[in-house]
Amino acid sequence: MEITKQTTMGDMLAYDSGIAYILMQSGMHCVGCPASVGESLEEACAVHGLDADQVLQSITGYLASKGEAK
């Protein structure tokens with residue numbers, strides 16, 4: 001799966017639950033919130049005052065370390 005800033009939080013977490021750790025380390029502590037499931041990564045980052053590009057880079061780095069990034 002290719003993760004982009006438009007990928008929903010729900011889709012990312014369903015694909016790899018380990019992404020939750022990356023999100024929490026970035027400052028997004030409400031990963032399990034039902035409201036976040038339909039938000040895109042970009043929207044969720046905006047709500048939390050985070051740089052979506054940096055968070056995306058962390059996620060793709062995590063997936064690459066597992067040999068899954070595309």
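**Exercise 1. Overall build**

How many helices and how many strands does the protein have?

Solution. The model is a predicted one. Counting its elements gives four helices and zero strands. Read from the N terminus, the order is α-α-α-α. The radius of gyration is 11 Å, close to the 11 Å that the globule rule gives for 70 residues, so the protein is as compact as a globular protein of that length. Along the principal axes, the C-alpha trace spans about 30 × 20 × 20 Å.

**Exercise 2. Surface and contacts**

State what share of the residues is buried, and what share of the contacts with a separation of 6 or more joins residues 24 or more positions apart.

Solution. Step one: buried means under 20% relative accessible area, and 31% of the 70 residues count as buried. Step two: the accessible surface comes to about 3900 Å², with 53% of it belonging to carbon and sulfur atoms. Step three: among contacts with a separation of 6 or more, 59% are between residues 24 or more positions apart.

**Exercise 3. The two sides of H2**

Which residues of helix H2 are buried, and which exposed residues does the face turned away from them carry?

Solution. Step one: helix H2 covers residues 19–26, and its buried residues are Ile19, Ala20, Ile22 and Leu23. These cover an arc of only 160° around the axis, which puts them on the same side of H2. An α-helix has 3.6 residues a turn, so residues three or four places apart point the same way. Step two: the face turned away from the buried side carries Tyr21 and Gln25, both exposed. Step three: the buried residues of H2 pack against helix H1 (9–15), helix H3 (41–48) and helix H4 (52–65). After H2 comes Gly27, with a positive phi near 110°.

**Exercise 4. The two sides of H3**

Repeat the analysis for H3, listing its buried residues and the exposed residues on the other side.

Solution. Step one: the buried residues in H3 are Leu41, Ala44 and Cys45. Their arc around the axis is only 100°, which puts them on the same side of H3. Step two: Ala46 and Val47 are exposed on the other side of H3. Step three: H1, H2 and H4 are the helices against which the buried residues of H3 pack.

**Exercise 5. Surroundings of Met12**

Is Met12 buried or exposed, and which residues beyond its neighbours within four places in sequence is Met12 in contact with?

Solution. Step one: Met12 lies in helix H1. Step two: its relative accessible area is 0%, and the cut-off for buried is under 20%, so Met12 is buried. Step three: leaving aside neighbours within four places in sequence, Met12 is in contact with Ile3, Thr7, Ile19, Leu41 and Ile59. Of these, Ile19 is a buried residue of H2, and Leu41 is a buried residue of H3. Step four: Val37 is 25 residues from Met12 in sequence, and the C-alpha to C-alpha distance between them is 9.2 Å.

**Exercise 6. H2 against H4**

Describe how H2 and H4 cross and name the residues that meet.

Solution. Step one: the two axes come within 10 Å and cross at roughly 145°. Step two: the crossing of H2 with H4 is right-handed. Step three: on the H2 side, Ile19, Ile22, Leu23 and Ser26 take part. On the H4 side, they meet Val55, Ser58, Ile59, Tyr62 and Leu63. Ile59 is also one of the residues in contact with Met12.

Technical notes. Residues numbered from 1 in each chain as written. Predicted model: local features only at pLDDT ≥ 70, side-chain atom pairs only at ≥ 80, totals over all residues. Heavy atoms only, no water. Rg over C-alpha atoms; globule rule 2.2 N^0.38 Å. Buried < 20%, exposed > 50% of the residue type's maximum accessible area, 1.4 Å probe, protein only. Contact = heavy atoms within 4.5 Å. Areas by Shrake-Rupley, 256 points an atom, 1.4 Å probe, with all protein chains shown as cover. Arc of directions from axis to C-beta. Axes fitted to C-alpha atoms, helices over the stretch in contact; angles between N-to-C directions. Left-handed = near helix turned anticlockwise from the far one by under 90°.
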